[in-house]
There are 2 protein chains.
Amino acid sequence: MISLTPRAERLLKALIEQYIAEGQPVGSRTLVRQAGLEFSPATVRNIMSDLEEFGLIRSPHTSAGRVPTERGYRFFVNSLLAVKPLYALDLSRIEGHLLADQDPQQLLESASGMLSQITKLAGIVRVPRRTQAGFLQLDFLSLSASRVLVILVSQDGQVLNRVIHPKKRYSASELQQAANIFNSAYAGLSLEEVKRCLVAALERDSEDMQQMLRSAVEMAHQVFTDGEFADDPLFVSGESNLLAFPELSNMEKLRQLFDAFNAKQDLLHLLDHSMSSSGVQIFIGAESGYESLASCSVVTAPYEVDGKVVGTVGVVGPTRMSYDRVISIVDVTARFLGGALSHDPADDA
Amino acid sequence: MISLTPRAERLLKALIEQYIAEGQPVGSRTLVRQAGLEFSPATVRNIMSDLEEFGLIRSPHTSAGRVPTERGYRFFVNSLLAVKPLYALDLSRIEGHLLADQDPQQLLESASGMLSQITKLAGIVRVPRRTQAGFLQLDFLSLSASRVLVILVSQDGQVLNRVIHPKKRYSASELQQAANIFNSAYAGLSLEEVKRCLVAALERDSEDMQQMLRSAVEMAHQVFTDGEFADDPLFVSGESNLLAFPELSNMEKLRQLFDAFNAKQDLLHLLDHSMSSSGVQIFIGAESGYESLASCSVVTAPYEVDGKVVGTVGVVGPTRMSYDRVISIVDVTARFLGGALSHDPADDA
DNA sequence: CCCTGGCACTCTCAAAGTATGAGTGCTAAG
DNA sequence: CTTAGCACTCATACTTTGAGAGTGCCAGGG
């Protein structure tokens with residue numbers, strides 16, 4: 001554990017705040033002037049020297065001021081940061097955006113857009129995992145002789161659809177019948193449970209199973225396997241905000257970063273990981289463990305629907321970001337979003 | 001109309017091809033050497049001088065070679081370009097990508113991804129307008145007391161869903177009944193016709209209309225108005241490919257460009273416009289009419305499903321792109337995509 | 001009349017030199 | 001422990017210089 005004198009802490013805090021605000025390496029004199037410190041630049045230099053030994057700050061080169069290291073940011077965030085309450089303006093903006101429309105998908109998407117607008121960074125929202133949602137209805141629709149459209153609806157209003165190609169051909173009424181079987185058999189279960197039941201049904205000896213039921217199971221199983229959970233479960237917006245930061249103007253890295261936004265793989269892992277703990281989480285630079293997010297920080301917070309954590313909202317930006325402001329915004333957004341998505345018993349009061 | 005001597009045309013062609021290949025202003029000597037011309041650099045300079053007067057090429061500065069202007073590219077594309085047949089490799093790659101899966105949404109998305117991969121530019125695909133698709137089924141599902149999930153399925157397998165908030169509360173069976181009314185009344189119509197019918201039904205005096213039917217009409221109408229056609233009708237991919245082009249490394253412009261990709265508004269207009277004419281269309285630089293696409297070119301081709309133009313595929317890149325190659329690729333992609341989406345009578349042969 | 005070699009000229013780019021200023025580390029005195 | 005002072009370092013900006021690429025124009029030759 002790093003332990004610093006109160007003075008050193010104060011200095012580090014001032015330095016990081018100054019650097020976050022200006023983006024330039026900050027020197028001893030500037031720091032004294034700007035932070036109104038009651039000791040001299042020389043003293044500041046001595047303290048800075050200590051901080052540098054701790055690995056909290058570093059000089060980009062011999063005679064430029066100091067810049068926080070990732071470790072410095074981490075210490076700052078852990079020990080020095082006083083999260084300010086949000087301005088009423090921001091609060092009302094968040095609330096306004098999240099109440100505008102109630103369609104879950106739209107809500108999630110607009111949450112992402114809102115995050116990027118307010119923070120001027122990239123906003124990300126992890127869509128609730130379908131596995132946890134409750135099963136509501138399954139539909140089979142015949143599109144052509146060999147193509148059947150399967151529509152799966154969960155209780156929270158999410159709709160998943162996929163075209164499958166069953167080996168055998170089915171009439172419209174057969175399809176209807178199959179759907180009915182499922183809808184009565186699986187009513188009220190979670191999608192995860194439904195999936196388990198399907199696998200179990202498949203493994204059971206099928207001799208005594210109605211031919212129809214068996215086909216239905218096979219069809220439904222096709223829906224549940226293969227890529228089902230990868231169905232665009234992530235909203236990203238405001239990537240272009242990141243182009244404004246000079247520290248990210250390295251084309252090579254920028255490209256990596258944008259590829260990561262497109263592939264979504266890394267981000268998904270990160271968000272899923274963040275979903276397991278509660279409250280705001282912050283990944284500074286390499287802490288995220290993803291090459292593509294080097295020199296970026298990610299601030300996330302899981303959100304709860306009806307008391308259960310189902311997804312995560314977050315923000316991606318350069319390590320030099322206003323952590324206090326971003327943290328509040330992400331935190332509040334997660335709360336509001338959860339609230340807006342929850343099934344209030346007094347639903348339409 | 002610009003008319004050039006054959007020699008000047010040949011020279012312009014060589015110059016533009018050289019510039020497209022290298023990205024550097026091309027001088028008289030390089031041109032002679034590279035294109036194997038049988039006259040001297042001095043002669044080339046004289047001709048270049050003429051071409052410059054025509055506004056087909058220009059010098060970035062006094063002593064750099066010449067660079068094509070937009071007008072030059074336009075002339076090149078119109079009169080000089082010999083579209084090469086595609087390499088078998090590319091052909092098979094396109095075909096492979098577009099046959100991999102048959103789900104229409106996935107197909108469109110993978111077409112966009114494939115375009116960006118093969119051209120190393122940004123790929124865009126305009127999703128078929130729902131208005132033209134045939135109506136297949138409508139479903140009302142009650143999510144909670146005041147929220148009803150409406151699922152609309154078109155004959156091509158597209159699924160549209162939206163949550164509405166009817167004023168009155170309905171039981172599950174009432175909802176079912178309403179859906180039945182629609183499904184029988186509107187079977188086989190196009191969505192556009194369905195919409196017209198709904199509006200007409202609303203305007204008709206409702207005294208003699210069953211209360212239930214009336215509510216159903218109102219509900220369905222809610223689905224069809226408000227944002228329905230704006231439902232993400234555009235796939236964009238490979239934006240990050242554009243980061244690799246030095247001519248687009250101006251952060252300000254880059255940002256504009258990426259915002260255009262996100263907002264999708266300008267692109268949509270452009271693609272819709274391109275849908276009205278047939279065959280490959282090319283917008284060079286300012287020709288597109290959109291500020292954000294300045295110094296970019298867009299190559300598009302509409303695709304047909306069952307003989308009707310329903311959407312557009314395209315590619316966005318810097319004005320300096322391999323038009324011949326890109327044109328073939330976009331053209332072929334449009335054809336394959338249309339084919340893959342069409343309902344072959346021998347559907348599952 | 002068109003082509004070509006030659007030549008002066010222009011302009012960018014890169015390298016090298018120079019000044020400047022911000023900032024440091026160290027030391028010695030308070 | 002703090003502070004003032006001083007020598008030192010180094011990035012940055014500016015200038016100079018030379019090289020190289022390329023042009024425009026002219027005058028001679030087919």
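In the predicted model, the residues of the surface near DNA strand D comprise six nonpolar, 13 polar and three charged. The residues around DNA strand D number 22, and those that come nearest are Phe39(A), Thr62(A), Ser63(A), Gly27(B) and Ser28(B). Two or more residues of this surface are given by each of helix 3 of chain A, helix 2 of chain B and helix 3 of chain B. Helix 3 of chain B gives the most to the surface near DNA strand D, namely four residues.

DNA strand C is likewise surrounded by residues of the two chains. There are 22 residues around DNA strand C, of which Gly27(A), Phe39(B), Ser40(B), Thr62(B) and Ser63(B) are the closest. The largest share, four residues, belongs to helix 3 of chain A. By class, the surface near DNA strand C has six nonpolar, 13 polar and three charged residues.

Helix 2 and helix 3 of chain B, both of which contribute to the surface near DNA strand D, also pack against each other. Helix 2 (residues 28-35) and helix 3 (residues 41-53) of chain B form an angle of about 110°, and their axes lie 8 Å apart. Because of this angle, helix 2 of chain B is roughly perpendicular to helix 3 of chain B. The crossing of helix 2 of chain B past helix 3 of chain B is right-handed. On the side of helix 2 of chain B, the contact consists of Ser28(B), Arg29(B), Leu31(B) and Val32(B), which meet Pro41(B), Val44(B), Arg45(B) and Met48(B) of helix 3 of chain B. Five nonpolar, one polar and two charged residues make up this contact between helix 2 and helix 3 of chain B.

In chain A, a packing of helix 1 (residues 6-22) with helix 2 was examined. The angle between helix 1 and helix 2 of chain A is about 95°, with the axes 10 Å apart. Helix 1 of chain A is therefore roughly perpendicular to helix 2 of chain A. Ala14(A), Leu15(A) and Gln18(A) of helix 1 of chain A make the contact with Leu31(A), Gln34(A) and Ala35(A) of helix 2 of chain A. The residues of this contact are four nonpolar and two polar, with no charged residues.

The two protein chains also touch each other. Chain A and chain B each place 34 residues in their contact. On the side of chain A that touches chain B, strand 4 (135-144), strand 5 (147-154), strand 6 (159-164) and helix 10 (251-263) of chain A each supply at least two residues. Helix 10 of chain A gives the most, with six residues. This side of chain A divides into 14 nonpolar, 12 polar and eight charged residues.

Chain A as a whole contains 12 helices and 10 strands. Of the 349 residues in chain A, 40% are buried. For contacts in chain A between residues at least 6 apart in sequence, 63% join residues at least 24 apart. Leu267(A) illustrates a buried position: this residue lies in helix 11 (residues 265-276) of chain A and is buried because 26 other C-beta atoms lie within 10 Å. Not counting residues up to four places away in sequence, Leu267(A) touches Ile124(A), Leu234(A) and Ala260(A). A distance of 9.8 Å separates the C-alpha atoms of Leu267(A) and Ser292(A), which are 25 residues apart along the chain.

Two residues of chain B were considered for their backbone angles. Most residues other than glycine have a negative phi. Ser295(B), by contrast, has a phi near 65°, a positive value. Ser295(B) belongs to the loop between strand 8 (281-284) and strand 9 (296-305) of chain B, and this residue is partly exposed, with 17 other C-beta atoms within 10 Å. A positive phi, near 50°, is also found at Asp306(B). Asp306(B) is located in the loop between strand 9 and strand 10 (308-318) of chain B. With 11 other C-beta atoms within 10 Å, Asp306(B) is exposed.

Conventions: Residues are numbered from 1 along each chain as its sequence is written. Chains are lettered from A and ligands numbered from 1 in the order in which they are written. This is a predicted model: local features need pLDDT of at least 70, side-chain atom pairs count only at pLDDT 80 or more; totals for chains, interfaces and linings use all residues. Axes are lines fitted to C-alpha atoms, for helices over the stretch in contact, and angles run from 0 to 180 degrees between N-to-C directions. Angles under 35 degrees count as roughly parallel, over 145 as roughly antiparallel, 65 to 115 as roughly perpendicular and the rest as oblique. A crossing is left-handed if the near helix is turned anticlockwise from the far one by less than a right angle, and right-handed if clockwise. Two residues are in contact if their C-beta atoms, placed from the backbone, lie within 7 Å. Ala, Val, Leu, Ile, Met, Phe, Trp, Tyr, Cys and Pro count as nonpolar, Asp, Glu, Lys and Arg as charged, and the others, Gly among them, as polar. A residue is near a molecule or strand if its C-beta atom, placed from the backbone, lies within 6 Å of it. A residue is buried if 20 or more other C-beta atoms lie within 10 Å of its own, exposed if 12 or fewer, and partly exposed in between; C-beta atoms are placed from the backbone.
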